[in-house]
Amino acid sequence: MDRNVSGGAVLRYQHLDLMKGLAVMAMIQVHLTELFSVPSWQESVGGHISLFIGGPGAAPLFMVVMGYLAAQGKRAPSGIALRGLKLVLWGLLLNIGLNFHLLIRIFFDEWKSNPLHYILGVDILFLAGLSLMLIALAKAVGKFEAVLAFILMVGFSAAAYLKPWPGTDNEAVDYLMAFVHSDVSWSYFPLVPWAAYPLAGFIAARLFMSQRLIFHRERTYWFIMLIGVLLISTTFRIGWEAATNLTLWYHHQIPVIIWNLVFVATLSAAAKLIIMAFEGRPAVKFLSWTGRHVTAFYVFQWLIIGNLATSIYQTRYPLQLLFWFIAITAASAGLTWLYNRVKAKFRRQMAEQEPKN
């Protein structure tokens with residue numbers, strides 16, 4: 001048993017850990033492309049491939065898996081909502097931490113940037129926290145939870161066709177709408193359309209729970225993967241054009257949502273087959289371990305990349321990016337291991353100090 005971002009104790013799904021491990025690797029490399037690499041690399045075919053790798057297999061995957069695990073968990077709606085609130089607060093602290101070097105430059109060296117755009121930048125932890133609150137709302141209705149989740153998913157997907165909030169002279173409203181549906185530059189993962197992914201994961205979990213025996217068969221995973229590959233390959237342009245255009249990526253519409261969901265489902269089936277064939281191999285074990293501790297890993301890689309980017313913003317070439325990828329992955333893994341070790345030791349000490357009846 002383990003605890004995950006949704007809260008509550010659930011059975012650990014190793015293929016989901018593998019998927020999250022792959023996703024955080026994809027996210028590290030795309031962060032390096034966006035923040036470290038020279039503009040000529042970003043505009044090249046290689047740079048576009050990097051953006052694509054860090055597209056459907058990163059944020060959409062994280063959100064779908066989070067929604068799936070939230071459905072599997074036993075935590076009450078109030079507990080899920082509280083977990084969501086904690087993630088929002090963690091998102092705020094992470095924004096301050098990863099931009100700490102930049103904020104120092106803004107406040108002490110008088111760099112011409114608005115610090116609130118970085119402190120309140122709508123990144124994935126904000127999305128995760130707000131989405132858990134929506135899932136808590138769905139869970140609160142009992143046996144109709146999947147129906148409400150579907151209505152919400154359709155609503156947030158359809159809202160992508162509404163004109164985004166354009167930004168006004170009312171800064172308070174601008175910052176609020178950045179979390180919902182906005183054109184402002186610091187709105188990366190607003191609820192429209194991104195809430196559709198955790199809600200889709202929640203719905204999928206509810207559907208699969210009623211067909212659990214079918215999804216334990218190896219041939220079922222082969223069938224899903226082959227159909228998925230066929231659909232992805234014949235509609236590849238949809239996913240490619242969205243993922244390689246950051247403005248379109250952060251504010252995409254229903255065709256891209258469907259494409260990303262097919263991609264995640266295909267990757268899920270492939271991950272299940274990989275676990276069946278290669279469980280215990282060093283690479284699989286490392287990626288699965290990374291996925292089990294993905295929140296800490298994600299935080300550490302952002303703290304490193306975000307603060308280094310202030311000094312070396314868009315100045316590194318492809319071979320240097322490879323070096324940075326290896327170094328940051330190793331550093332994040334080491335810090336995650338140390339963090340878990342210290343946390344476990346602290347919990348043991350607290351348990352020993354509790355009075356025994």
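Okay, housekeeping. This is a predicted model, where local features need pLDDT of at least 70 and side-chain atom pairs count only at pLDDT 80 or more, while totals for chains, interfaces and linings use all residues. Residues are numbered from 1 along each chain as its sequence is written, and side-chain values use heavy atoms, with hydrogens and water left out.

So, the fold. We've got 19 helices and two strands; those are DSSP runs, H or I of at least four residues for helices, E of at least two for strands, numbered from the N terminus. How much of the protein is buried? Of its 357 residues, 48%, where buried means under 20% relative accessible area, exposed over 50%, and partly exposed in between, with a 1.4 Å probe and protein chains only. And of the contacts (heavy atoms within 4.5 Å) with a separation of 6 or more, 79% are between residues 24 or more positions apart.

Now, Asp174. Asp174 is buried, yet has no salt bridge, meaning a side-chain nitrogen of Lys or Arg within 4 Å of a carboxyl oxygen of Asp or Glu. Where's the nearest side chain of opposite charge? That's Lys163, 13 Å away; Lys and Arg count as positive here, Asp and Glu as negative, and His and the chain ends are not counted. Leaving aside neighbours within four places in sequence, Asp174 touches Trp165, Gly167, Thr168 and Trp186.

One last item, on extent: the C-alpha atoms fill a box of roughly 60 × 60 × 45 Å along the principal axes.
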